[in-house]
Amino acid sequence: MTAKVLKPKDMIEELMFYIHQNEMGGDFIDPDNRFFPLYLELQKLLDKVNNDRHDLYVSLKNDEVRS
């Protein structure tokens, strides 16, 4: 059996889902939960990954070159 290699964005989302469902009960995000700081940092990282992808798309679409 071969393991499936996920893209970084997908790995972040999977880990966030796991934390939300299994460590936070799946109902709401509790700021007092011990995993909340990790969840928050993962959300920031996911936002950065999504923004970087968007910036690259806009750059290529508008035929811009960034160094």
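## The whole chain first

Start with the cartoon: this predicted model has 2 helices and 0 strands. Now colour by burial. Of the 67 residues in the protein, 15% are buried.

## Select residues 8-23

This selection is helix α1, with 16 residues. From first C-alpha to last, α1 reaches 21 Å, close to the 22 Å expected at 1.5 Å a residue.

Show side chains for I12, M16, I19 and H20, the buried residues of α1. Why do they lie on the same side of α1? They cover an arc of only 95 degrees around the axis, and that puts them on one and the same side. The general rule is that an α-helix has 3.6 residues a turn, so residues three or four places apart point the same way.

Now turn to the other side of α1, where E14 and F17 are exposed. Then step past the end of the helix to G25, which follows α1 and has a positive phi, near 85 degrees.

## Select the core

Pick I12, M16, I19, M24, Y39, L42 and L46 together: these 7 residues form the largest nonpolar core. Helices α1 and α2 (36-61) each supply at least two of its residues. As background, nonpolar side chains in soluble globular proteins tend to be buried together.

- **M16.** Its contacts are Y39, L42, Q43 and L46.
- **I19.** How buried is I19? I19 has a relative accessible area of 3%, under the 20% cut-off for buried. Around I19 you will find M24, F35, L38, Y39 and L42 in contact. Try the distance tool on I19 and Y39: they are 20 residues apart in sequence, and their C-alpha atoms are 7.2 Å apart in space.
- **H20.** This residue of helix α1 is buried too, with a relative accessible area of 15%. Select what H20 is in contact with: G25, G26, D27, F28, I29 and Y39. G25 is the residue with the positive phi from the earlier stop.

Conventions. Residues numbered from 1 in each chain as written. Predicted model: local features only at pLDDT ≥ 70, side-chain atom pairs only at ≥ 80, totals over all residues. Heavy atoms only, no water. Helix = DSSP H or I, 4+ residues; strand = E, 2+ residues; numbered from the N terminus. Buried < 20%, exposed > 50% of the residue type's maximum accessible area, 1.4 Å probe, protein only. Expected span 1.5 Å × (residues − 1). Arc of directions from axis to C-beta. Core = buried A, V, L, I, M, F, W, Y, C linked by side-chain atoms within 4.5 Å. Contact = heavy atoms within 4.5 Å.
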